[in-house]
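I opened the model to look up two things. First came a helix pair, then the aromatic rings.

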Amino acid sequence: MRDFTLGKYRELLKALSGAGYKLISFEEYLQTCQPAYGSAVCYEQIEDKNLPTDDPAKKFVILRHDIDKRAAQAVSVAEIEQEAGAHASYYFRVVKESNRPEVIRKIADMGFEVGYHYEDMSLCKGEPEAAKAHFEEWLEYFRRYYPVRTICMHGAPQSGYDSKDLWKHCDYHDFGIIGEPYFDTDFSRVVYLTDTGRRWDGYRVSVRDKIPQYQEQWQQLGYVYHSTDDIIRAANTGTLPGQLMITTHPQRWTDKPWLWHYELLRQTFVNMLKKMIVK
């Protein structure tokens, strides 16, 4: 089976569940596994950070989805997760290819977490006050569909502005937000995997969707996977880290041949551009 299909995603969830991983949303992670917010039960008595564990109380995968475009694809992914009994977080942008009210409402009605995939500094050309006002306005918009408590930065590689810089000028906790993945995930324990670049080892061509301070450590531990089958194999053999955040972009996951090939060609071209930006 080709990679980045809905069938392959179903296989991934099956392998993770079969290996004893609890599939949770980012909001759940903060409330139940993060010492700063919850009971920290997932961290109790862990001595070797990032090492695989057979204790089901300590094994979890945070499922995070960034809805950059083709929002309807998110519903197909959510249906697979619902079948698997998984929880997940879905982050929507304000742009029309992501901000589809019927999709956002459907995802929330299915019981999944909805969050704001913010890019206010990029959209407001680096003006902090304008970005703050823009953020507040759109946060209230998304709260019409779900009581949003977490947010996640959109990388916007073509932009010269890093939207995380907004928090140098204000505090997202003041808006009733309890967490942002890039700031509030304990990456000393949680290994980060993302399909950015339409591959799982695309951090070399990623502008912002990566965790630079831990990437070398994860490489040394052998936590580098190129394909979804590599992750599945590691789950089945017990060599996958015990705690992960897996980020996907549902636009990439499809069983439609024409769309699958379009994404392959488009992402190959985008990766070439990103390489030039990163360099």
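I call a crossing left-handed if the near helix is turned anticlockwise from the far one by less than a right angle, and right-handed if clockwise. By that rule α1 passes α9 in a left-handed crossing.

I noted the ground rules next. The model is predicted, so local features need pLDDT of at least 70 and side-chain atom pairs pLDDT 80 or more, while totals for chains, interfaces and linings use all residues. Numbering starts from 1 along each chain as its sequence is written, and side-chain values use heavy atoms, without hydrogens and water.

**Helix pair.** I looked up α1 (residues 6-18) against α9 (residues 228-237): the angle is about 20° and the axes lie 9 Å apart. That makes the two roughly parallel (angles under 35 degrees). Contact means heavy atoms within 4.5 Å. On the α1 side I found Lys8, Glu11, Leu12, Ala15 and Leu16; among their partners in α9 are Ile231, Ile232 and Ala235. The contact residues divide into six nonpolar, two polar and three charged.

**Aromatic rings.** I paired rings of Phe, Tyr and Trp (its six-membered ring) with centres within 6.5 Å; planes over 60 degrees apart count as edge-to-face. The count comes to 24 aromatic pairs. Tyr118 and Trp167 are edge-to-face, because their centres are 5.6 Å apart and their planes at 70°. Tyr118 sits in strand β4 and Trp167 in the loop between β5 and α7, 49 residues apart. Both are buried (under 20% relative accessible area). I also checked Phe187 and Tyr192: centres 5.9 Å apart, planes at 75°, so edge-to-face again. Phe187 is buried at 5% relative accessibility, and Tyr192 is buried at 4%.

Notes. Axes fitted to C-alpha atoms, helices over the stretch in contact; angles between N-to-C directions. Helix = DSSP H or I, 4+ residues; strand = E, 2+ residues; numbered from the N terminus. Parallel < 35°, antiparallel > 145°, perpendicular 65-115°, else oblique. Nonpolar A, V, L, I, M, F, W, Y, C, P; charged D, E, K, R; others polar. Phe/Tyr/Trp six-rings, centres within 6.5 Å; stacked < 30°, edge-to-face > 60°. Buried < 20%, exposed > 50% of the residue type's maximum accessible area, 1.4 Å probe, protein only.
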